[in-house]
Amino acid sequence: MDVSHNLREVLDAVKATWEQLPFARSRALNQTALDVQKFEHEEQLPSRLTIRNQWSKPRSKFGINIRFARKGDGEAEVYSRAPWLDFQERGGTKKPSGKVLLIPVVGGARPTPTAVVDRKLKPRKGRAGVFFHPRFDGVFRRVGDRLKLLFGKATSARVKARLDFEGSGKRKAQDVLEGNFVRAYEQALRTRR
C-alpha cells in the first residue's frame, strides 16, 4: 500500500490565505468608509439640512472626511470637523458668543427659509441703513419711512436633534461591509505575491 499526501501544499495555501487577511480587512474597511461618506454627503445631509454652499464636500475643511484604515489596524473613521453639526446631531440650547443671539427673520434678512443672508444685511458697526433699535428687540433696516425687521434678538435658541449622522452611518456600514470584505478578500487572494 502506497499513501501520498499534499499536506505541505495545503498548509502553504492556508498560510498564504491567512497572510492576506489584514490587507483584505483594511481594503474592506476603507471601501465601507467611502460608501458611508458618499451616503452621508449625497443622501443624508441634503435630506436633513439646507446645504447653502460646498462645506460638506469630501476633503474640505468641514466636509465629511475619512481617516483610512491601514493594514496593521482594524479601524477606519468617517468624521466632520464642522462645529455646528454637533447641535444638529444631538440638539441642545445655543448660547450667544457675545451679548445676544441674532436670529434671521424670514421675509427680513432671509427672503426664504433656505436662502443665504445677504452680507449687506448683516449688522455691522457703521453700516448705513441697518441698525439695532433701542426700544424693540431686533435689528432693523429703514425702507422708505418704515422699519423692516431683519433679525430678532434672543438670549438662547433651542436646536432640535435632526441629523442622525452617527446612526445612519453605522447602518450603512453594516449594510455594505460584508460585500466589501468578500470582494477585498477575493482581490487579495488574486493579487498575492
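1. Two strands count as paired if DSSP finds at least two bridges between them. In this predicted model, strand 4 (residues 101–104) and strand 7 (residues 146–154) meet that condition, pairing in the antiparallel sense over four bridges. One of the positions involved is L101, whose bridge partner in strand 7 is A154.

2. Strand 7 also pairs with strand 6 (residues 138–143), again antiparallel, over six bridges. Here V143 stands opposite R146 of strand 7. Strands 6 and 7 form a hairpin with two residues between them, and G144 in that turn has a positive phi of about 65°.

3. For the protein chain as a whole, the secondary structure comes to four helices and eight strands. Read from the N terminus, the order of elements is α-α-β-β-α-β-β-β-β-β-β-α.

4. Along the principal axes, the C-alpha atoms fill a box of roughly 115 × 25 × 25 Å.

5. On burial, 30% of the 193 residues are buried. The protein chain exposes about 13,900 Å², of which carbon and sulfur atoms supply 51%.

6. On contact range, consider contacts between residues at least 6 apart in sequence: 60% of these join residues at least 24 apart.

How values were computed: Residues numbered from 1 in each chain as written. Predicted model: local features only at pLDDT ≥ 70, side-chain atom pairs only at ≥ 80, totals over all residues. Heavy atoms only, no water. Buried < 20%, exposed > 50% of the residue type's maximum accessible area, 1.4 Å probe, protein only. Contact = heavy atoms within 4.5 Å. Areas by Shrake-Rupley, 256 points an atom, 1.4 Å probe, with all protein chains shown as cover.
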